[in-house]
Amino acid sequence: MKKEEERVDVLGQQLTTVVLHIPSLRCGGCLKRVTEALRALPGLEVLTAALPTRTVILRYARQQLEPERIIEAVRACGHVPGELREADHVEGE
């Protein structure tokens, strides 16, 4: 999938799909806390969350939400997030 295809214009909002690696995730409770905090952010959708790989795949509206807010939400849960990078391919798309 090309980078241009990962961004979809919906109602004037450009959506971007990204992968966030969170190395400090150790249990389902941690993962639940982080995903709930992320879901509370405006313009963000959690697509998948996987404890074995310690990754969360997100789609967010760049016009509504800056990447720094995503990082701050994870830190507020007591975790140190890794790099937020654009997804090469997301299953189901």
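Colleague: Leaving aside its neighbours within four places in sequence, which residues is L44 in contact with?

Modeller: Keep in mind that this is a predicted model. L44 sits in strand β3, which covers 44–50. Skip the neighbours within four places in sequence, and L44 is in contact with L38, R39, L58, R59, Y60, L65 and I70.

Colleague: Which residues touch the most other members of the largest nonpolar core?

Modeller: In soluble globular proteins, nonpolar side chains tend to be buried together. Here the largest nonpolar core has 20 residues. The ones touching the most other members are L38, L44, L58 and I70.

Colleague: What share of the residues in the protein chain is buried?

Modeller: To count as buried, a residue needs under 20% relative accessible area. E86, for instance, has 21%, so it's partly exposed. Of the 93 residues in the protein chain, the buried share is 37%.

Colleague: Now salt bridges. What is the N to O distance between E36 and K32?

Modeller: The structure holds three salt bridges, so let's take this one first. E36 and K32 are four residues apart in helix α2, which means about one helical turn separates them. E36 is partly exposed, at a relative accessible area of 45%. Their side chains meet with an N to O distance of 4.0 Å.

Colleague: Which residue does E45 form a salt bridge with?

Modeller: E45 is partly exposed, with a relative accessible area of 40%. The closest N and O atoms of this bridge are 3.6 Å apart. The pair links distant parts of the chain, from E45 in strand β3 to a partner in strand β4, 14 residues apart. That partner is R59.

Colleague: And how many residues apart in sequence are the parts that E86 and R62 tie together?

Modeller: The side chains of E86 and R62 meet in a salt bridge, 3.3 Å from N to O. E86 lies in strand β5 and R62 in the loop between β4 and α3. R62 is partly exposed, with a relative accessible area of 37%. So the pair ties together parts whose separation in sequence, in residues, is 24.

Key:
Residues are numbered from 1 along each chain as its sequence is written. This is a predicted model: local features need pLDDT of at least 70, side-chain atom pairs count only at pLDDT 80 or more; totals for chains, interfaces and linings use all residues. Side-chain values use heavy atoms; hydrogens and water are left out. A nonpolar core is a set of buried Ala, Val, Leu, Ile, Met, Phe, Trp, Tyr and Cys residues joined through side-chain atoms within 4.5 Å. Buried means under 20% relative accessible area, exposed over 50%, partly exposed in between (1.4 Å probe, protein chains only). Helices (H or I, at least four residues) and strands (E, at least two) are DSSP runs, numbered from the N terminus. Contact means heavy atoms within 4.5 Å.
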